[in-house]
Amino acid sequence: MSNKIAVITMGVRLNNEKGYTRFRYICEFLAKKGYEVDLITTTFQHWEKQQRDIEKIKKEEYPFGIKFIYEPGYKKNVDLKRISSHHTAAKNLSALLEKEGDYDLIYAEIPPNDVALAAAEYAKKRGIPFVADVNDLWPEAMRMVLDIPVISSVIFYPLKRDAEKVYSLVSGVVGTSDEYRDRPFKNQKLDVPKETVYVGNELAVFDAGAAEKQDTVHKQDDEFWVTYAGTIGTSYDIRTLILAAEELEKKRMKNIRFKILGGGPMKNELEELADSRQIYNVEFVGYISYDRMAAYLTKSDILINSFVKKAPQSIVTKIGDYLAAGKAMINTCQSPEFCRKVETDGFGVNIMPEDVTILADAIEELYDDKDRRLEMGRIARKIAEEQFDRPRAYQRIETLIHSLIEENKEKKSGDFQ
């Protein structure tokens with residue numbers, strides 16, 4: 001009889017939706033390996049900020065089961081309504097697991113911390129392994145947006161408390177970076193297996209998409225593209241990128257064009273900044289399909305991993321796609337882990353964030369040094385193939401899950417003897 005697993009996430013892209021595919025891929029990967037998998041997710045679609053059409057989804061075919069827990073939803077990524085919405089989802093998850101939770105292992109993302117805690121406490125009660133997939137740090141990331149002395153500490157205390165409770169209950173940890181992987185061990189004495197598995201991507205899908213959409217992305221022969229892809233929000237330093245574009249335009253480097261792919265809460269404000277200053281070498285492309293994004297990245301010359309100074313992010317989702325494109329990277333993310341990786345592997349340069357002149361100079365240096373740029377791109381692609389390609393990298397998740405289930409079965413059979 002095959003082992004039964006619940007994969008719990010509040011953020012997953014189902015058919016024809018926006019969003020990230022990590023947890024869908026995990027479900028598909030485990031189903032292919034012979035596990036019986038239930039994806040447990042929310043009725044609310046995080047990226048589209050609206051309720052899903054559940055009846056429509058039920059008619060679609062997936063190689064795994066899908067169960068929905070009701071969540072009221074929210075309008076902003078960081079506000080009290082989101083915290084309240086996740087609190088409701090956590091209660092509904094507990095109820096669902098009590099009713100239908102016949103699993104051999106539970107695999108849940110954290111954050112949201114209270115949702116992960118509901119999963120962890122149920123696993124403990126049932127005596128089954130619980131694996132936390134750490135792909136962000138709350139409340140650390142939320143302090144980026146709401147950092148008011150004393151008040152923020154009071155508001156975020158429940159998030160901090162829940163995180164530590166979750167970490168105390170893990171049987172195994174998967175982190176999307178070494179920093180995230182090691183976070184549960186910071187305040188807990190744990191002796192459990194841990195793995196770093198970058199969010200990554202499927203290189204075959206990226207390459208096929210880029211090839212299919214090449215003709216829809218038009219680039220003049222003399223143009224040099226500097227591209228950012230991702231959320232346009234508080235953590236991401238798009239303002240400096242726009243002002244660096246202005247500086248290069250003033251230097252008459254008019255063939256350097258800036259492409260900003262994606263959407264987010266600060267998009268309108270930043271578009272107005274570019275318009276008001278008449279910066280004409282910046283194009284806000286908007287939210288586009290994954291295939292077209294792949295085509296844009298592969299047609300670009302430099303890719304920007306652009307973060308503000310205080311950003312808590314480590315090795316984010318887009319890095320797999322940036323590396324897959326085989327282009328030189330300019331990195332302003334201050335994560336020590338990622339800065340070391342950029343430098344040691346040699347696929348890009350690290351610079352200080354929020355400095356217009358430093359960014360403009362870095363772009364100009366790579367623009368002038370074609371050989372260095374192309375060598376960085378070659379290394380980037382090699383790293384993508386070796387460390388970020390999901391079919392290879394995600395095998396470590398399955399190996400961890402398999403060993404925990406087998407250990408638990410042996411322990412239980414020993415208890416009966």
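1. Start with Gln188. Gln188 touches Glu164, Tyr167 and Ser168, leaving out residues up to four places away in sequence. Contact here means heavy atoms within 4.5 Å. Gln188 sits in the loop between α6 (178-182) and β9 (194-196). Helices (H or I, at least four residues) and strands (E, at least two) are DSSP runs, numbered from the N terminus. A polar atom of the Gln188 side chain lies 3.0 Å from the backbone oxygen of Glu164.

2. A word on the source. This is a predicted model: local features need pLDDT of at least 70, side-chain atom pairs count only at pLDDT 80 or more, and totals for chains, interfaces and linings use all residues. Residues are numbered from 1 along each chain as its sequence is written, and side-chain values use heavy atoms, with hydrogens and water left out.

3. Now the sheet. Seven strands form an open sheet in the order β5-β2-β1-β6-β7-β8-β9, with parallel pairing. Two strands pair if DSSP finds at least two bridges between them. The edge strands, β5 (65-69) and β9, each pair on one side only. Neighbouring strands are turned by 20° against each other on average, direction ignored.

4. Look at one pair. Strands β6 (residues 105-110) and β7 (residues 130-134) pair in the parallel sense over five bridges. Glu109 has Asp133 of β7 as its bridge partner.

5. Helices pack on this sheet. Helix α1 (residues 22-32) touches β1 (4-8), β2 (36-42), β6, β7 and β8 (172-175). The direction of α1 makes about 170° with that of β1. Angles run from 0 to 180 degrees between N-to-C directions, and axes are lines fitted to C-alpha atoms, for helices over the stretch in contact. Helix α3 (residues 80-100) touches β1, β2, β5 and β6, and its direction makes about 135° with that of β5.

6. Is Leu105 buried or exposed? Leu105, found in strand β6, is buried, with a relative accessible area of 0%. Buried means under 20% relative accessible area, exposed over 50%, partly exposed in between (1.4 Å probe, protein chains only). Beyond its neighbours within four places in sequence, Leu105 has contacts that include Lys4, Ile5, Val131 and Leu404.

7. Last, a helix pair. Helices α12 (residues 336-346) and α14 (residues 370-388) pack at an angle of about 115°, with axes 10 Å apart. From α12, Lys341, Asp345 and Gly346 make the contact; from α14, Met376, Ile379, Ile383, Gln387 and Phe388 do.

Note on methods: A polar contact is a pair of N or O atoms within 3.5 Å; within protein, one must be able to donate a hydrogen and the other to accept it, and residues adjacent in sequence count only if both atoms are side-chain atoms.
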